[in-house]
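I opened a notebook for this structure and wrote down each thing I looked up. The entries are in the order I made them.

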Amino acid sequence: MESKAYIDGYIERARAAQAEFEKMSQEQVDKAVQTIGRVVYENARYLAEIAVEETGMGNVEDKYAKNRQKAGIVWNNLRGKKSRGILETDEKTGITTVAKPMGVVAAITPCTNPIVTPMSNAMFALKCGNAIVITPHHKSVRCSTKTVEMINEALAELGMPENLIQILDEHSRENTRNLISSADVVVATGGPGMVNAAYSSGRPALGVGAGNVQCIIDEGYDYKEAVPKIVKGRSYDYGIICSAEQSVICPEGDFDNILAEFEKNGGYVVRDEAEMEKIRGALFADGKANRHSVGQSCAKVAELAGIEIPADTKVIVAAAPGTGKTDLLGGEKMAPVISAYAYKDLDEAIRIAAENLEKDGKGHSVAFHSDSEEHIAKIGESLCVSRFVINQCSANSAGGSYFNGLNPTNTLGCGSWGHNSISENLNYHHLMNVSRIARFMPDNHVPTDEELWG
């Protein structure tokens, strides 16, 4: 009962704030949304520093860049888009759509993205006139709370209702369960346990699946163009980004040259099985991610493995002997280690990717480096993921980019393949109720039986 009463207080405050906020104009709403992004953008380095200090994961420079990039691109995607009142009237169908808030959003946020996920979830929620209550991961309570406090200070200066954005100050599984069963909609970004809990909450839920991005280099493609992007993606924030490349699948004839190209770009290549087994031991414990290696540098992974690598190593490249069906290296690795495979033809590349995705990450993302529209179409038709990023660094593009059309987000849906309700990037429209006004259209054509069945 204590937990229920505690959460009821958050919900009541959120409902009071939301009832006041939904009366505000589109201009006022957008000013609040812009302010959320601006606070993170302007304080990006400080927030990156406290996130690394508290979680012990990732690195300051990449988190600093991520805070600035995500704040800017999310706001750029939201600005100018109508999300309050009448949206449009379709003259052909006679339907007028009207935007309405969902009410109170509950958001479960991860320790891997403790700044930008609360930020983007709050921006999406407020864009549609909602209030939001955030429950952060227990390893990132302080930095996520500080982010929300700084945002709320700026919103108060705008005269926004108090308690539009709240964050739990007492953390337990019971509190999280009570929160997600009391809100109007749940957004869950984190481990499978929390996502499953969200879908079992009795409320509409938007959860995401695990990542294990398969990266395929097409035969004939300039691998010297692809490899630096792959290294950047796999090393980004020490490998904890769900959209980062996890395996590189290479044409057999270029395999050795591609591994050499990785070495030129800061890669340490592992071919020896004994050394590879040490890497597995550093990354996994009892078949699951070893918490001591999650979000750590290559130097730390090597130390845990008991091997020596160059001090400037950016990514460890393991020439894995098997796919995820038989080898843990084919699954998701929460550190800057990438598995490498050779293929004889594109069908084999697809098979390797599919087997790794069956281990982890089905429904998430695939990166493909190719100049062939025919091959791009074949990859797109053959693999069960929600997004394909072409000739890009996946870590920086699968979650939306200035240079592609994907919705900028930190919550990437994986569809039914990943046991998720959406197969796209979470965006503001997922937190919007839409009413439809249907007019009588007496001049509409009614088909004859012959037209229907003849």
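**Entry 1. Ground rules**

I am reading a predicted model, in which local features need pLDDT of at least 70, side-chain atom pairs count only at pLDDT 80 or more, and totals for chains, interfaces and linings use all residues. I number residues from 1 along each chain as its sequence is written, and side-chain values use heavy atoms, with hydrogens and water left out.

**Entry 2. Salt bridges**

I looked up salt bridges, each being a side-chain nitrogen of Lys or Arg within 4 Å of a carboxyl oxygen of Asp or Glu. The count by this rule is 19 salt bridges.

I took Arg271 and Asp256 to start with; their side chains form a salt bridge at 2.9 Å, N to O. This pair joins distant parts of the chain, 15 residues apart: Asp256 is in helix 10 (residues 255-264), and Arg271 is in the loop between strand 10 (267-270) and helix 11 (273-283). Helices (H or I, at least four residues) and strands (E, at least two) are DSSP runs, numbered from the N terminus.

I then checked accessibility, where buried means under 20% relative accessible area, exposed means over 50%, and partly exposed is in between (1.4 Å probe, protein chains only). Arg271 has a relative accessible area of 49%, so I noted Arg271 as partly exposed. Asp256, at 48%, is partly exposed too.

My next pair was Glu261 and Lys264, a salt bridge whose closest N and O atoms are 3.9 Å apart. Both residues lie in helix 10, 3 residues apart, about one turn of the helix. Glu261 counts as buried because its relative accessibility is 9%, whereas Lys264 is exposed at 64%.

I also wrote down Lys362 and Glu358, with closest N and O atoms 2.8 Å apart in their salt bridge. Lys362 is partly exposed at 27%, and Glu358 is exposed at 53%.

**Entry 3. Glu355**

Is Glu355 buried or exposed? Glu355 has 16% relative accessibility and therefore counts as buried. I located Glu355 in helix 13 (residues 346-359).

The side chain of Glu355 makes a polar contact with the side chain of Thr323 at 2.7 Å. A polar contact is a pair of N or O atoms within 3.5 Å; within protein, one must be able to donate a hydrogen and the other to accept it, and residues adjacent in sequence count only if both atoms are side-chain atoms. With neighbours within four places in sequence left aside, I listed Thr323, Gly324 and Lys325 as in contact with Glu355, contact meaning heavy atoms within 4.5 Å.

**Entry 4. Leu329**

I found Leu329 in the loop between strand 13 (315-318) and strand 14 (337-343). Its relative accessibility is 0%, so Leu329 counts as buried. Beyond residues up to four places away in sequence, Leu329 touches several residues, among them Met276, Arg280, Phe284 and Tyr341. I also noted that Leu329 and Ala340 are 11 residues apart in sequence and 9.3 Å apart in space, C-alpha to C-alpha.

**Entry 5. Positive phi**

Most residues other than glycine have a negative phi. I noted Asn163, which is not a glycine, with a positive phi of about 75°. Asn163 is in the loop between helix 6 (141-157) and strand 5 (165-167).

Tyr238 also has a positive phi, of about 55°, and is not a glycine. I placed Tyr238 in the loop between helix 9 and strand 9 (245-251). At 28% relative accessibility, Tyr238 is partly exposed.

**Entry 6. Second largest pocket**

Which residues lie nearest the centre of the second largest pocket? I wrote down Asp62, Val231, Ser235, Tyr236 and Lys314, out of 15 lining residues. The largest share of the lining, 4 residues, comes from helix 9 (residues 223-235).

On a 1 Å grid over the protein atoms alone, a pocket is an open set of points with protein on both sides within 12 Å along at least five of seven lines, a cavity is a set where a 1.4 Å probe fits but cannot get out, and lining residues have an atom within 4 Å of a point.
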